[in-house]
Amino acid sequence: MDKRLRWLNNLLCFEVAARHESYSKAAEELYISQAAVSQQMRQLETNLGVSLFRRQSRKMILTGPGRTLYASCEKGFSEIVNGMNQIHEEPLEGSLTVTSTQAFCSLWLMPNLFEFFNEFPNININIQASNRIESLHKGDIDVAIRFYTSTTASQDDGLITRKFGENGVVPACSPAFQTQKQLHSVEDMLGTRLLALAGEEKASWESYFEHNKINLSNKVLRKTVVSSSDLALSAALAGQGVMLASDVMIGQYLKSGQLVVPVDIPHPVRWKSHFVYLKNSPKQQRIAHFCEWLRKKMANHEALQLQ
């Protein structure tokens with residue numbers, strides 16, 4: 001056996017640091033300190049006699065030798081995991097942990113999940129709502145449901161990313177609020193209370209008005225900023241303002257009449273829904289059934305939207 005295989009632990013640490021381009025993120029995934037990652041990388045570079053990383057701002061960028069080693073490590077560890085999965089693929093029965101945004105989990109996934117349990121009673125779904133992009137490489141999350149404006153927004157060779165739906169963004173408020181504020185045009189919404197999502201840059205009120213040729217340079221929008229879309233929904237249902245909402249999230253409230261679209265002009269941004277899961281997950285059977293169920297549900301929603 002090649003004596004350099006004694007560096008296997010260092011190579012594993014290197015693969016994670018190279019994938020994240022960050023020692024601190026590698027430390028988080030490996031549950032060790034950043035100093036320990038730095039030490040392992042120094043040991044590996046000393047043993048190999050080459051530099052593997054160079055610092056660029058806050059990132060650790062691979063050198064030429066580093067890229068060569070990373071390609072080999074990525075392929076090698078992937079083959080090891082494939083082999084382990086072939087002899088230890090989990091049965092259909094069992095659990096899956098699914099993550100998505102707080103709004104999607106509370107407004108769409110949880111209200112519809114009973115249908116999945118009726119169809120697959122032996123698959124238990126655990127929900128981890130988070131507005132951060134959680135790492136799937138730690139092993140405690142099996143499937144992420146993520147929303148991008150582009151199908152190429154997420155690139156990770158260790159993950160499968162599949163688009164399964166697409167939906168628009170519309171203004172929405174209570175019928176009473178529309179009547180009280182006389183909201184019939186985009187201009188009418190300029191002077192009313194707007195419910196906005198913190199950190200939202202793509203589907204923002206500013207880009208909505210700009211898309212509709214309204215100059216905001218001399219205007220101050222009356223915005224209430226919230227941390228999650230479900231908080232904006234609560235305020236909209238209570239007649240506190242107008243929100244920009246994914247039509248998937250608020251479909252049930254539009255159908256019941258609790259919400260209306262005061263101006264039938266959607267935001268130019270359309271969100272593309274994606275499944276994300278580990279390429280070599282031993283839970284492939286469960287993942288396949290869950291993803292296919294969700295794809296069908298979303299397709300049915302989109303068909304209803306077109307009617």
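Helices, each at least four residues long, and strands, each at least two, are DSSP runs numbered from the N terminus. With that in hand, open up the model, which is a predicted one, and let's walk around.

**Stop 1: the whole chain.** Show everything as a cartoon. You are looking at 11 helices and 10 strands in the protein chain. The C-alpha atoms fill a box of roughly 80 × 50 × 30 Å along the principal axes. Now colour by burial: of the 307 residues, 44% are buried. Among contacts with a separation of 6 or more, 76% are between residues 24 or more positions apart.

**Stop 2: the opening pair of helices.** Select residues 8-20, which is helix α1, and residues 23-30, which is helix α2. How far apart are their axes, and at what angle do the helices pack? The axes are 8 Å apart and the angle is about 125°. That angle makes α1 oblique to α2, because anything from 65 to 115 degrees would count as roughly perpendicular and anything over 145 as roughly antiparallel.

On the α1 side, pick Cys13, Val16, Ala17, Arg19 and His20; on the α2 side, they meet Tyr23, Lys25, Ala26, Glu29 and Leu30. Sorted by class, this contact has 6 nonpolar, 1 polar and 3 charged residues.

**Stop 3: the aromatic rings.** A pair of aromatic rings is described by the distance of the centres and the angle of the planes. This structure holds 14 aromatic pairs. Select Trp108 and Trp293 to see one of them: the ring centres are 6.4 Å apart and the planes sit at 55°, a tilted pair. Where in the chain do the two partners come from? Trp108 belongs to helix α5 (residues 102-119) and Trp293 to helix α11 (residues 284-306), so the pair links parts of the chain 185 residues apart. Trp108 is buried, with a relative accessible area of 6%, and Trp293 is buried at 6% too.

Now click on Phe116 and Phe117. Their ring centres are 6.2 Å apart and their planes are at 70°, so this pair is edge-to-face.

**Last stop: the cluster.** Select Phe104, Trp108, Phe116, Phe117, Phe120, Phe147, Phe290 and Trp293 together: ring pairs link them into a cluster.

How values were computed
Residues are numbered from 1 along each chain as its sequence is written. This is a predicted model: local features need pLDDT of at least 70, side-chain atom pairs count only at pLDDT 80 or more; totals for chains, interfaces and linings use all residues. Side-chain values use heavy atoms; hydrogens and water are left out. Rings of Phe, Tyr and Trp (its six-membered ring) pair if their centres lie within 6.5 Å; planes under 30 degrees apart count as stacked, over 60 as edge-to-face and the rest as tilted. Buried means under 20% relative accessible area, exposed over 50%, partly exposed in between (1.4 Å probe, protein chains only). Axes are lines fitted to C-alpha atoms, for helices over the stretch in contact, and angles run from 0 to 180 degrees between N-to-C directions. Angles under 35 degrees count as roughly parallel, over 145 as roughly antiparallel, 65 to 115 as roughly perpendicular and the rest as oblique. Contact means heavy atoms within 4.5 Å. Ala, Val, Leu, Ile, Met, Phe, Trp, Tyr, Cys and Pro count as nonpolar, Asp, Glu, Lys and Arg as charged, and the others, Gly among them, as polar.
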